[in-house]
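Please read them with the coordinates open beside you.

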Amino acid sequence: MRIRIVDAFTDRPFAGNPAGVVLLDAFPDDDRLQRIALEVNHSETAFAHRLPPGGEADWALRWFTPATEVAMCGHATLATAHVLHTTGAHEGPVRFATRSGVLIATSGEDGSITLDFPTAPLTPAEAPAGVAEALGAEPRTVVDTGANTGDLLIEVADEKTVRGLAPDLKALAAYSERGVIATARAQDPARGYDYVSRCFFPNVGIDEDPVTGSAHTALAPFWSERLGRPDLTGLQASSRSGRVRTELRGGRTLLSGHAVTVIDGELLA
């Protein structure tokens, strides 16, 4: 069984968000998939197999964290599309059948990959009691991001505040299904990004995710409304860091970035 580690939302190795990618003939039982994901121990491992021709999708795709299966993952989808294209396993746009519906990945002439994902339905919310203490910053705006992501998106004062967060992850786990997205407007848009974010997902076994494509299905509509533009670039300010270009198209959000394969090996167990 071939297994690859791909850094997504970056054009250089050892940056962005690493994902395991495993191409299969069919999905084995869930316990085996979960054990492999735990062994890989990245925020997500993607498992995919080819579907019969003539259907609405080309490949079936599932994502597992070290602790659980998730309903949506952007960076591991980008990583899977990168593997399919660079190995010749698939040509042209890839249609993935997932728990979040059919997701399409398209390669650009510059080597980037654009994902077509459902836009997160944002619902304004009151800041829950104690969330400021758990996050380590006072919320300016709070929204619920809906079922696909299951996050609480919290706008804080500024970019410096986002970069300096050191949350109480155990306490933070109480406030949403997956975790908390902290965000603020970019201090200097001339540096090539419009907003910053960090993502803390203790409920799925990820203290801080390096670069989260799915979170940008919520960040894109949130910041497009405030900045008055459908096309934006977000910087996820984790220690590895990565940029996600977003284009808001109503009920769909396009997420674009590069990917780099850093490990290509064989799963022996």
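1. Does Ser256 count as buried or exposed at its relative accessibility? The model is a predicted one, and in it Ser256 has a relative accessibility of 10%, so this residue counts as buried, the cut-off for that class being under 20%. Ser256 belongs to strand β17, which covers residues 252-257.

2. The surroundings of Ser256 can be listed in some detail. When residues up to four places away in sequence are left aside, Ser256 touches Phe9, Ile113, Thr114, Arg243, Val244 and Arg245.

3. Helix α6, residues 216-227, is mostly covered, with 9 of its 12 residues buried. The buried residues are His216, Thr217, Ala218, Leu219, Ala220, Pro221, Phe222, Trp223 and Ser224. After the helix comes Gly228, and the phi angle of Gly228 is positive, near 75°.

4. Sorted by class, the lining of the largest cavity comprises 5 nonpolar, 5 polar and 3 charged residues.

5. Turning to charged pairs, the structure holds 15 salt bridges. Side chains of opposite charge can pair when their charged atoms come close. One of the salt bridges joins the side chains of Asp7 and Arg240, at 3.2 Å from N to O. Asp7 sits in strand β1 (residues 2-8), while Arg240 sits in the loop between β15 (231-236) and β16 (242-249), so this pair ties together parts that are 233 residues apart in sequence. The two partners also fall into separate accessibility classes: Asp7, at 2% relative accessibility, counts as buried, whereas Arg240, at 25%, counts as partly exposed.

6. What separates Arg35 and Asp31 along their helix? Both lie in helix α1 (residues 30-40) and, because they are 4 residues apart, about one helical turn separates them. Arg35 and Asp31 form a salt bridge in which the closest N and O atoms are 2.9 Å apart. Arg35 is exposed, with a relative accessible area of 58%, and Asp31, at 45% relative accessibility, counts as partly exposed.

7. A further salt bridge runs between Glu69 and Arg62, where the closest N and O atoms are 2.8 Å apart. Arg62 has a relative accessibility of 16% and therefore counts as buried. This pair should be read together with its neighbours in the charge pattern, as Asp30, Arg62, Glu69 and Arg99 are linked in a network of salt bridges.

Terms used: Residues numbered from 1 in each chain as written. Predicted model: local features only at pLDDT ≥ 70, side-chain atom pairs only at ≥ 80, totals over all residues. Heavy atoms only, no water. Helix = DSSP H or I, 4+ residues; strand = E, 2+ residues; numbered from the N terminus. Buried < 20%, exposed > 50% of the residue type's maximum accessible area, 1.4 Å probe, protein only. Contact = heavy atoms within 4.5 Å. Nonpolar A, V, L, I, M, F, W, Y, C, P; charged D, E, K, R; others polar. Salt bridge = Lys/Arg side-chain N within 4 Å of Asp/Glu carboxyl O.
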